[in-house]
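Please keep the structure open alongside the text while reading.

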Amino acid sequence: MLKPQPTATRELVSLDGIWNFALGSHDDKIDIACTQPLSPELQVPVPASYNDIFVDPKIRDHVGWVYYQRAVRVPRGWHGEKYFIRVDAATHHGRVFVNSNFVTEHSGGYTPFEADITHLVAAGEEFCLTIAVSNVLTMDTIPPGRVETLANGKRKQQYQHDFYNYAGLARSVWLYCVPQVYIRDVTVVTDLADTSGTTGIVEYQVITSETLPHARIRVSLFDEEGHIVAQSSGPQNRLQVESAHLWQPGAAYLYQLQIELLHDDSCDKVLDIYTIPTGIRSIKVSGMQFLLNGTPFYFTGFGKHEDSAIRGKGYDPAYMVHDFQLMKWLGANSFRTSHYPYAEEVLEYADRHGIVVIDETAAVGLNLAIVAGIHGTKAPPTFSPETINDKTQDAHKQALKELIARDKNHPCVVLWMIANEPASGEEGAIKYFEPLVKLTRELDPSRPICFANMAFNPVNRDLISDMFDVLCLNRYFGWYKHTGDLDMAEEALHDELSGWQRKFDKPIIITEYGADSLAGLHAVMDVPWSEEYQSRMLEMCHRVHDRVEAVIGEHVWNFADFQTTSQIFRVDGNKKGVFTRDRKPKAAARVLRERWNKAY
Ligand code: GCB
């Protein structure tokens, strides 16, 4: 799915800003009256989660639909064009209305959707745009959850993941136009032709709104100086670039792949034009190595969250750039979009600056043993008709399709993570995951795939790891296990990682390791929650990572402290950040800076 882009043939209007806002009723019904003009009594910024904007628990804890509304004018110059409303994210369900006419709906809170509204409003006209957004999670959604009705009649959203269920329009909304005949989609796959790594291959496939003769699709690859280095025609082809500048971690080089649809009687007349920033690089998993451009790559960095005070999961370019600067300061070369696809702007920035990304779906919480473990209750089976079932699997398939459709052309994305900490030791896991693995490989045969395994499913219990290319392990030795005893933790971590290496001979990335720490709490001894303990725990893990050959990467959990749902074992959120929520470094930052700034 192409991100809207202003080009010589396309225009784009941002609908970000202040919108009118209203709370829906306390059920799952859409209130059609809310698509009539709303009072401006409550107003919210877009993009932002709405939960922490107000100081009203009724809004923060609301379960169900809310309504966003604003007036929009279609530019008068768009006569004869096709125009679309595009919502970058509505968490978790969105319904779009144009002057009370229902236009489209979408489930999945972290991927975009759009609708053609050309037939509903004329160029030059103003209309009332309403977007209804529901935050409800059920066993049919990704991520899954359950709405509980309390004794006092209040509805409460339950879910199995650690981060707060922020909701709303957390990313941009756009009105954009394309010509009548237009480029609908483009897929770009790159590789290196030889082991010496000098000849780059760029394969492309273009889908147009109507079938065109070959000669009317022209594709040109420009280098960073603006020179054409390869050219071709037709909807699919393979370009070869001699002495290619490679997209390298920490040293990105971006070519521009320009696609033009030409008029039938003149090559000088361009009907539509779209450009894809293209990094030429190869990815290969070989034995216990992860090869980027033929060279073994060691991942250093973080599992992150889109999370900040007040705006919740709202996209904020200032936070984004600052986070990248902090990662660079530490010597991090990569991060994981835990636990959902991030705003596309984040991937564009990573492309431009050579930061490697593990891209994750929102399939988190597919494990009923974790919550049961916390509360000391007996866990129901995770995979059953009443719990994670065929409908969840359908939603998961859709989430994979949308993730890959959106992110497939980003050179920074080197690995698809299809789930975080599912119940991979339960019987139903094989039947649940087999079709998802197959689908992911069909959708993108060019990238390896993984899932994040959790401690309850060690090597002798996990049933699905053989389906994946890279083993990703989330491990908290020294925190959830052997708390405060780093000697025991070190031995146990080493034993466990060695076991995985022996059984699979595949590369291992430690996709989570870390400890909570309260900024400002200091201790001489190994006192959990102190900044020193967090540092010493990371150092302990690093000693082990360096001793296990298969370990090809480490992502600390988490980059920054983040908000969680109210729980007794969280103190105003999860404090495993190496930075506080407002991005002040804790002592652990120094440990990482020292380690990661030496070359890997
Ligand atoms: C995990 C989860 C992550 C949690 C983290 C923690 O294993 O993947 O979402 O936030 O543990 O801090 O408990």
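Predicted model: local features only at pLDDT ≥ 70, side-chain atom pairs only at ≥ 80, totals over all residues.

**Ligand site and domains**

The ligand sits in the largest pocket.

**Surroundings of the ligand**

- There are 13 residues around the ligand, and those that come nearest are Asp162, His339, Glu421, Tyr480 and Lys576.
- By residue class, the shell around the ligand is made up of five charged, four polar and four nonpolar residues.

**Polar contacts and cover**

- The side chain of Lys576 places an N or O atom 2.5 Å from an oxygen atom of the ligand.
- For His339, a polar side-chain atom is found 2.7 Å from an oxygen atom of the ligand.
- In the side chain of Glu512, an N or O atom lies 2.8 Å from an oxygen atom of the ligand.
- On its own the ligand has 320 Å² of accessible area, and the protein covers 90% of this.

**Domains**

- The domain assignment divides the protein chain into domain 1 (11-178), domain 2 (183-283), domain 3 (304-332 + 477-490 + 502-534 + 553-599) and domain 4 (335-469).
- Why is the ligand said to lie between domain 3 and domain 4? Both of these domains give residues to the shell around the ligand, so the ligand lies between them.
- Between domain 2 and domain 4, the C-alpha centres are 31 Å apart, and the contact takes 18 residues from domain 2 and 17 residues from domain 4.

Key. Residues numbered from 1 in each chain as written. Heavy atoms only, no water. Near = heavy atom within 4 Å. Polar contact = N/O pair within 3.5 Å; in protein donor to acceptor, adjacent residues only side chain to side chain. Areas by Shrake-Rupley, 256 points an atom, 1.4 Å probe, with all protein chains shown as cover. 1 Å grid on protein atoms, 1.4 Å probe; cavity = no way out; pocket = protein on both sides within 12 Å on 5 of 7 lines; lining within 4 Å. Sits in = over half its atoms within 2 Å of the grid points. Nonpolar A, V, L, I, M, F, W, Y, C, P; charged D, E, K, R; others polar. Domains from an automatic or database assignment. Contact = heavy atoms within 4.5 Å.
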